[in-house]
Amino acid sequence: MAIRVTKKCCLLSTLGVLVLAAALTVTLVLVLRDDDEISETYRFAASAVELRLEEQPDHRYVLSIYRGADRLQRITFDHYFSDDSDIETFPKGMRLYGNGHSIEIRELEDSAGFAYLSVTRTLRKGQIGSDVLHLHDTFGADQAPLHWYGGPELMEQYYPIEKLRFDDYPYITKELHSAAIVERYWVSTAGVFFYVDKEVPLFLDQDEQVLRFTAKKQLPYYTYDEEFVFSYRVGVAADVREAHQRAVERVLNQPVDIPDERMVRYPIWSTWVRYRRPISQQTVLEFAREINAYGFRNAQLDIDDLWEVCYGSLTFNSITFPNVTELTETLREMGFRVTLWVHPFINKNCDPWYTEALSKGYLVKSHDETIGYNTKWWNSGENEASYINFNNPDAVEWYRRRLHDLQELGIDNFKFDAGETSWAPADPDIGGPTALLPSSQTVNFVRMCASFGAMIEVRTGWGTQDLPVFVRMLDFDTRWGWNNGLQSLVPTLLQMNLNGYPFVLPDMIGGNVYGDDILTKELFVRWLQASVFMPSIQFSKTPWDIDEESITISKKFAQLHETYADYIIQRMRLAVSHGTPVNPPIWWLDPTDKIAQTVHDQYLLGEDIVVAPVLTEFATTRDVYLPKGTWRDGNTNRVHEGGRWIYNYTAPMDTLPYFVSATFQAN
């Protein structure tokens, strides 16, 4: 049997660099092993976290994260190192090298209850880095299975997210699968979070056992530099709630202010689902009159697709909208603010605006000359449109100036659609820091949108959690199931909150009624109930499109939302000051509650309201899980102790199960 050397290292990170060097102890321990594997242990002094880097028989290495005797997470460096690989220590970490690769594991922070480290390597074009997170490890004395949160917004939004599946998935904002929010953030119930740095050309693979981060210089990323960095950060905290709060402070950021309060208090009304396209001045006025006649309040009325001369003109069609100033003045007298649906595209038949943008270099161009400026979006044919380049400051100013011209007509603000990177031509040539391409297009578009103030909405983001604007969910289908239907609504709400976007604007009540979808009375009412304790409500299909009872029920729940609007705004302000979600998952009140960790069809408003909507067709009861605390039934006033199920809670179609903390006092 071979005799190997295992090296152990202890760092006291709270001391100065010189003291650290002096305090560094290396203990040589003779270990009898029947192979040539080596290992290294690194201890964080204040947080009681330990890293063990161990060679495997196939010359791969596994980094295990421990707190005491509990193994919290394993990471496999999925690269085969050579026989002569080795580990060296330095005052702030350790370095693994061999076979042309070098991986540095560095301590970034060590405090009571929290350890923070980075894993970094530099790769050359043609090389691939691949690290594997083991999703189904267990931890703790009872060997509880791990559950995971964060990850991308998706059309089929499963929760917890270990249920998701990916295969060589480029991790950029894209319209495909509704992946408009793709923060590089994952957090587990063991209290460990991962954040992959923005400069990494990241691809995902995920199955029932592992989540693989792969870095490689391939499209859709910028491929013309010779060297790139594969780096991510790992935080280790006491539990998942604490880990998320630490992540907000260090990598996710938090909003600097709250969105428009009127958008919180009262419903937004959109012409889209009810009228489709084109839209007209007369139709908008008739819609507004109906809203008022049926006694509903409004935050604003959104004029959706198609009001333009042509797509990208940002100019009203004078035939369908003969007097926009008169329209906006009339709507204002009726108590409405007016927003306008806009997008970042110009169709090629939309002249003189397209020719102007092309001649001035305002459009996204591909490095591939055969593709040129061509793109396709949902209101164009193949290669019949172009995408405005928001990485070009002159193009941004040109676009912004034309929006300001619309405001001169009385338009209060805008509903900004699209903005994902996938609308650009393949291999886009758009300028800006190359390591951030192509996602910087999304960032610069969204930041341009936010310059119009708190009354706007966007639907995408990438590192833009600081902006004080509503981020809406992508279009839902009019269905009950997980396939972009009602059952995806709550998981999407939780996904967005746990990626640092707490100002969530849910999609239209009832979905978008695409194709053969049918909006039933039951689906409409249950969708409204599910949205009541979210930050805002949007109507397009109306209750009076259904029947009298739907009007009565809808008024009841619009009023319930308005009743709690002050509390919603209070929680929004806490998101600004403390980075807390407005609508957390129910485990937020007890991160160790193993039942709460997997409940996917309930959510919290702040820390005082548990919401358990009925999301199944024909159901008039549901089981409700109450987290720890004492709760008062919002429908019956009956008091319940938490940490237990209420089975077969009765919820006919006019009833939304919700529970208010016994200590809650409305402002």
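User: Why does Val513 count as buried?

Analyst: Buried means under 20% relative accessible area, exposed means over 50%, and partly exposed is in between (1.4 Å probe, protein chains only). Val513 has 19% relative accessibility, so Val513 counts as buried. Keep in mind that this is a predicted model: local features need pLDDT of at least 70, side-chain atom pairs count only at pLDDT 80 or more, and totals for chains, interfaces and linings use all residues. Residues are numbered from 1 along each chain as its sequence is written, and side-chain values use heavy atoms, leaving out hydrogens and water.

User: Where is the place of Val513, and what is its phi?

Analyst: Val513 sits in the loop between strand S31 (504-505) and helix H11 (521-531); helices (H or I, at least four residues) and strands (E, at least two) are DSSP runs, numbered from the N terminus. Its phi is positive, about 50 degrees, although Val513 is not a glycine.

User: How do you know whether Leu314 is buried or exposed?

Analyst: The relative accessible area of Leu314 is 6%, therefore Leu314 is buried. Leu314 is in the loop between S22 and H6, and its phi is near 50 degrees, a positive value in a residue other than glycine.

User: Which peptide bond involving Leu306 is cis?

Analyst: The bond that joins Asp305 and Leu306 is cis, with omega about 10 degrees. Leu306 lies in the loop between strand S22 (300-303) and helix H6 (324-333). Another cis peptide bond joins Arg277 and Pro278, where omega is about -10 degrees.

User: What makes Phe476 count as buried?

Analyst: Its relative accessibility is 3%, so Phe476 counts as buried. Leaving aside neighbours within four places in sequence, Phe476 is in contact (heavy atoms within 4.5 Å) with residues including Asn484, Leu489, Asp507 and Trp527. Phe476 and Met508 are 32 residues apart in sequence, with their C-alpha atoms 7.9 Å apart in space.

User: How do you know whether Trp645 is buried, partly exposed or exposed?

Analyst: Trp645 has a relative accessible area of 31%, so it is partly exposed. Trp645 lies in strand S38 (residues 644-650).

User: Which residues make the core with 155 residues, and which have the most contacts inside it?

Analyst: It is the largest nonpolar core, and Ile303, Trp307, Phe416 and Phe533 have the most contacts inside it. A nonpolar core is a set of buried Ala, Val, Leu, Ile, Met, Phe, Trp, Tyr and Cys residues joined through side-chain atoms within 4.5 Å. Apart from this core lies another, of 57 residues, among them Phe44, Tyr61, Leu72 and Phe230.
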